[in-house]
Amino acid sequence: MDHFPIFIATQTARIIVSGGGDAAMAKLRLLMKTRAKITVFAAKPASEIEQWHHEGRLTLLPRAMDYGDAVCAKLFYGANEDAAEDARTAHLAMTCGALVNIVDNLEDSQFITPAIVDRDPVTIAIGTEGAAPVLARALKADLEARLPQSLGTLARIGKSFRRASYALPFGRARRDFWRDYYFNAGPKAMSASEEHVRPALESLLAEHQTRTARAGHIAFVGGGPGDPELLTLKARRALDEADVVIYDRLITPEILELARREALMIDVGKEGFGPSTSQDHINALLVEHAKTGAQVVRLKSGDATVFGRLDEEIDAVDAHGIGWHIVPGITSASAAVAAIGQSMTKRGRNASVRFLTGHDTRGFADHDWRTLARTGEVAAIYMGKKSARFIQGRLLMHGADRHTPVTLIENASRPDQRVLETTLAALPAALEAANVSGPALTFLGLAPRAALAAAPSLNVTTLKLEEFA
Ligand code: SAH
């Protein structure tokens with residue numbers, strides 16, 4: 001982030017604009033929404049600016065800016081539409097200690113003005129660091145269409161009720177009350193008329209005061225393979241309401257961003273064979289936070305019920321009588337098979353598919369190798385990188401065809417997704433050559449669909465048996 005967004009108090013601020021043409025007017029229309037004292041320097045001002053001066057909305061000095069003119073100014077806008085005059089006046093303003101913005105000159109500006117969605121007192125500022133003004137405008141248009149005009153009124157009435165809301169204890173109780181107001185009772189009252197809003201607030205407060213405190217609860221949420229768009233709506237809502245989020249290593253930052261700002265975020269990342277937070281400690285954290293009455297989200301990658309040690313956590317919270325539920329997620333096998341354009345089952349090829357883990361708590365995991373070695377079998381192997389050589393050895397020993405297709409999908413659903421197409425015989429060598437460092441799902445018995453494999457967007461590396469012969 002090169003520019004840090006802040007909101008500046010304008011009640012007592014002085015803001016200076018140098019320039020009297022279109023560029024100056026565009027800025028002035030925005031600035032006049034504030035309570036700042038605005039001074040404009042323009043030798044040849046547009047008639048609108050003169051009009052605003054006569055209406056007392058700003059002070060116009062019909063001359064070029066000079067030494068000392070920017071004393072006590074907080075912000076300065078160079079809008080002269082003349083680079084030399086912008087540089088001269090910006091220098092004058094800077095020596096007076098004002099923060100300087102030059103219209104259409106990102107490089108010499110100390111701050112930039114965002115695109116603004118105005119539902120005063122709710123203000124949304126959109127910035128792209130000057131990189132994509134078109135994008136900022138599109139976002140603004142989208143938000144303008146989505147946010148009801150009444151939002152500002154609801155917020156203003158809400159603000160006047162803040163003190164009254166202190167009747168509720170600080171924290172969750174008060175937050176639940178406001179959530180109820182903004183997303184339920186408020187809009188309902190507003191649709192009748194503005195006069196209904198205040199009485200609605202009063203009865204809502206009375207209702208919340210008689211409520212018994214919510215009990216702590218744990219949602220075991222599947223966070224999917226990494227792409228935030230592959231979260232379920234239920235997962236999003238759970239994140240939105242969580243007081244505490246306890247998450248695994250494979251949860252992407254884009255998904256963590258969706259949690260409430262105030263939520264307590266606890267990383268209990270476990271690396272296969274690497275440093276880890278012990279399962280006992282994770283169980284203890286879940287119990288500890290739920291017991292304080294918190295709404296806890298236990299966020300696991302993919303689907304929480306697939307190789308997620310979910311039952312150990314459920315047993316631990318059950319022992320304390322804590323309520324819980326499971327929110328299913330998209331398991332990485334689903335994302336991986338979608339990436340290679342195949343389906344997991346196919347009439348005439350495989351009537352079943354197995355989900356295997358490469359290793360379990362005792363080391364490399366054992367499976368029904370004889371069945372897996374049969375032609376046409378399909379298996380999705382989780383945590384199969386380190387165990388690749390072991391799996392290959394067992395399968396070949398049980399008569400598997402050396403040419404059986406094996407496909408490894410690294411970082412499925414993420415921007416850095418890669419596909420490694422190989423064969424059972426070449427698997428360990430191909431893995432080494434491809435230098436796979438992200439989480440990877442290995443499909444035994446599936447190759448990328450031929451038509452897709454040629455598409456450059458798929459990012460396929462093909463390292464087959466022949467190449468290692
Ligand atoms: N519950 C998870 C699996 C947890 S075990 C699920 O349903 O997907 C961790 C293993 O999942 C990793 O070693 C890897 O094999 C697989 N995995 C998780 N995210 C992945 C991703 N984005 N791409 C490929 N494999 C992934």
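Predicted model: local features only at pLDDT ≥ 70, side-chain atom pairs only at ≥ 80, totals over all residues.
Helices and strands here are DSSP runs, numbered from the N terminus. I found Glu81 in the loop between strand S4 (75–78) and helix H3 (83–95).

Is Glu81 buried or exposed? Glu81 has a relative accessibility of 54%, so it counts as exposed; the cut-off for that is over 50%. I then checked the charges on the surface. Glu81 gathers with Asp22, Glu48 and Asp104 in a patch of negative charge there.

**Entry: the whole chain**
I stepped back for the overall picture. The chain has 17 helices and 20 strands. The radius of gyration is 30 Å, while the globule rule gives 23 Å for 469 residues, so the chain is more spread out than a compact globule. I also looked up the box filled by the C-alpha atoms, which is roughly 95 × 60 × 40 Å along the principal axes. Of the 469 residues, 45% are buried.

**Entry: salt bridges**
How many salt bridges does the count come to? I got 18 salt bridges, and I went through a few of them.

I began with Asp243 and Arg175, whose closest N and O atoms are 2.4 Å apart. This pair links distant parts of the chain, 68 residues apart. Asp243 sits in the loop between helix H9 (233–241) and strand S9 (244–247), and Arg175 belongs to helix H7 (residues 172–192). Asp243 has a relative accessible area of 9%, so I noted it as buried. Arg175, at 29%, counts as partly exposed.

Next I turned to Glu377. Which side chain meets Glu377 in a salt bridge at 3.5 Å, N to O? The side chain is that of Arg354. Glu377 counts as buried at 13% relative accessibility, whereas Arg354 is partly exposed with a relative accessible area of 30%.

Glu377 also forms a salt bridge with Arg374, with the closest N and O atoms 3.7 Å apart. I looked up Arg374 too: its relative accessibility is 51%, so it counts as exposed.

Technical notes
Residues numbered from 1 in each chain as written. Heavy atoms only, no water. Patch = residues over 30% accessible without salt bridge, like charges linked within 9 Å, V, L, I, M, F, W, Y side chains within 5 Å. Areas by Shrake-Rupley, 256 points an atom, 1.4 Å probe, with all protein chains shown as cover. Salt bridge = Lys/Arg side-chain N within 4 Å of Asp/Glu carboxyl O. Lys, Arg positive; Asp, Glu negative; His and termini not counted. Charge placed at Lys NZ, Arg CZ, Asp CG, Glu CD. Helix = DSSP H or I, 4+ residues; strand = E, 2+ residues; numbered from the N terminus. Buried < 20%, exposed > 50% of the residue type's maximum accessible area, 1.4 Å probe, protein only. Rg over C-alpha atoms; globule rule 2.2 N^0.38 Å.
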